[in-house]
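Work through the exercises below with the structure open beside you. Try each task before you read its solution.

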Protein chains: 2
Amino acid sequence: MRELDSQQLRDIARGAAILGTGGGGDPYLGTLAALQALKDFGPPRVIEPDEVADDEVLAMPVMVGAPVAFIEKFSLGPELESAFRALDKHLDRRIVALMSAEMGGANSIVPLVLGARLQLPVVDADAIGRAYPEIQLTTLTIHGISASPFALADERGNTTILHTIDNFWTERLARPIAVEFGAIAASMGFAITGSQLRQAGVLGSLSYAERIGRTIREARVNKQDVIAALLGVTGGFELFRGKIIDVQRRIERGWTLGEARLDGLDEYAGANMLVQFQNENLVAIRDGQLAACVPDLITLIDADTGEAITTERLRYGFRVIVLGIPCHAQWRTEKGIELGGPGHFGYDLGYVPIEDLQQATRERRT
Amino acid sequence: MRELDSQQLRDIARGAAILGTGGGGDPYLGTLAALQALKDFGPPRVIEPDEVADDEVLAMPVMVGAPVAFIEKFSLGPELESAFRALDKHLDRRIVALMSAEMGGANSIVPLVLGARLQLPVVDADAIGRAYPEIQLTTLTIHGISASPFALADERGNTTILHTIDNFWTERLARPIAVEFGAIAASMGFAITGSQLRQAGVLGSLSYAERIGRTIREARVNKQDVIAALLGVTGGFELFRGKIIDVQRRIERGWTLGEARLDGLDEYAGANMLVQFQNENLVAIRDGQLAACVPDLITLIDADTGEAITTERLRYGFRVIVLGIPCHAQWRTEKGIELGGPGHFGYDLGYVPIEDLQQATRERRT
């Protein structure tokens, strides 16, 4: 068990923004909420996955809905606690710890805010290893573990508890409820035991996010190349450098859908890139060739600040670096690709690991 | 306590169709389900409102959604029981009796089907005294009684429990869930005590529906004027006789919305009527003058069969008689008119009791 200070919270938020692949809510707002919670309730406590006993229950708080709504409705206060109470009351056993459902964007920070508020520890793990735009897209679903009972709450005092036959139905019912709640809902679900966590979770991902964030911070302080440092700590690849020349974006059923077009700069001059997203960046195409696709991570970095840019903040004229990072091994299994691969999002392309795409690019060049 | 036989079930269904004002689901299908339940589980039992003790709990099963979906998805089996179990498990006290939320259309029969199935008595009462297209439109809402917890279930095994700050929010959240479930959801809510029932319910309405049904049946057997008999037992008025010359109908957010235009026949030759509906008939306008409006009841009767016609069965060429029936006194209070009057449905007209409109018509003619 360890307590997080404000610098560690900032590091986690910065790292989670990289892993958020453009989605999961604005990590800056998540950080503000976490710093406020630290001030109001004391430091959040982080525990190792093996500190949860086999039959103890932990659960995951998530903000469900359009990430753009985070900007307008961000409070992470009463509604999250309300979702927690609704689920905890509904379960046979008490919830002893919290965990991030996704390690990406503000949703990575949400358990730390709620944990500080409720004096509950947060497990160093998550259920994706990145951000994803739908509830069923977790490694728990790969292992057949249910998201139900799944509680949703708003800031008015409305709560809903879903019991669904599978996690696709959780998503299907939660989405319109989030829309009615005002584009976003505080939710609490995936109540799992310690043994289920160790079987199906993505372990150590909170400290992985913190490590990424710390690497960025230290590189900046030491005037080192932030991108090079990032590639080192993540095992990722630089896919492109360019300027955003067009962004198409629409809100549909609570998602931010769209695409960004980039013209190459520096050694990419004359090349172009298309990045398509549904809350998260899903596919990157360079000069008509696939450069990376979901479940691998695609993150746009602001060339001026070195910070990750969420899909709802993309604007014409931004100079960006596009990073690709290999996803967690669970997503590269047959079940993982079927659940969270490009086919799920309607893309008529087979998943190719980013390392293989990089290799192919190098071979084309030589 | 009394048991219902198949003829009494048919009488209730026929009477409930009249009180359904075109909505509440097809009573013919409700009757089939009730007869099947009688065969499978034995006769449903009906109890008087004062047979429920002050602190005993009863609750109301309702099919929520587009009545047209009753036609395709009518089963009233596992999904209703599933909604019942979800609510019963969620409450601190066990549910000892069922009750109709609305006395109109198939929803009047639903508790009898479930009561036979679960061996639970059904109270001779309802919470509207007619049919209404939205959950919050009950006399319980007039008295500030909550619909929550409110359980919804589908035939797949999905369930949802809503806890809302008011009954408008129950409606607002239940509607999109019903849409996701396939346009209709089995639901169970309005868990109230015996004393709340006696304070806020519409008492004796099940036997009122039965009396109306019996009157129609006996008039037909005795070759008497069915319409005259109906007017006698309901205290209603004949508003029009005519032929349907146009029906506009669309499904929107789980409702059947639209209007029917009628050309007059017999003593109404040369006159016309417009009937507008949202699941239920809401407004009847004769020659440009208001003839009746919600919360008073407007029911279209098939001139050939003497049976009520639901809004989703209205067709060009039907010869119909339009009946208007005064609503329950609770709906004529200031709160009642505000909740369920024409203004709620977007009509820019003040409620005028049907008796007054009839009086005005007579005065115009003389």
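**Exercise 1.** What share of the contacts in chain A with a separation of 6 or more is accounted for by residues 24 or more positions apart?

*Solution.* Begin with what is being examined: this is a predicted model, in which local features need pLDDT of at least 70 and side-chain atom pairs count only at pLDDT 80 or more, whereas totals for chains, interfaces and linings use all residues. Residues are numbered from 1 along each chain as its sequence is written, while chains are lettered from A and ligands numbered from 1 in the order in which they are written. Next, recall that two residues are in contact if their C-beta atoms, placed from the backbone, lie within 7 Å. Among the contacts in chain A with a separation of 6 or more, residues 24 or more positions apart account for 74%.

**Exercise 2.** Describe the build of chain A.

*Solution.* First take the elements: chain A has 12 helices and 17 strands, where helices (H or I, at least four residues) and strands (E, at least two) are DSSP runs numbered from the N terminus. The radius of gyration, taken over C-alpha atoms, is 19 Å for chain A, close to the 21 Å that the globule rule gives for 366 residues, so chain A is as compact as a globular protein of that length. That rule is 2.2 Å times the number of residues to the power 0.38. Then consider burial: 57% of the 366 residues of chain A count as buried, a residue being buried if 20 or more other C-beta atoms lie within 10 Å of its own, exposed if 12 or fewer, and partly exposed in between, with C-beta atoms placed from the backbone.

**Exercise 3.** Trace the pairing of strands E11, E12 and E13 in chain A.

*Solution.* Two strands pair if DSSP finds at least two bridges between them. Strand E11 (residues 237-252) and strand E12 (residues 255-264) of chain A run antiparallel and are joined by 10 bridges, with A:Val247 standing opposite A:Ala260.

**Exercise 4.** How are chains A and B related, and which elements of chain A touch chain B?

*Solution.* Turning to the interface, 16 residues of chain A are in contact with 16 residues of chain B. Strand E8 (159-163) and helix H7 (167-182) of chain A each supply at least two residues of the side that touches chain B, and the largest share, 6 residues, comes from H7(A). Finally, E8(A) and strand E8 (residues 159-163) of chain B pair in the antiparallel sense over 5 bridges, where A:Leu162 stands opposite B:Thr160.

**Exercise 5.** Is B:Asp304 buried or exposed?

*Solution.* Locate B:Asp304 in the loop between strand E16 (297-302) and strand E17 (319-325) of chain B. Because B:Asp304 has 9 C-beta neighbours inside 10 Å, this residue counts as exposed.
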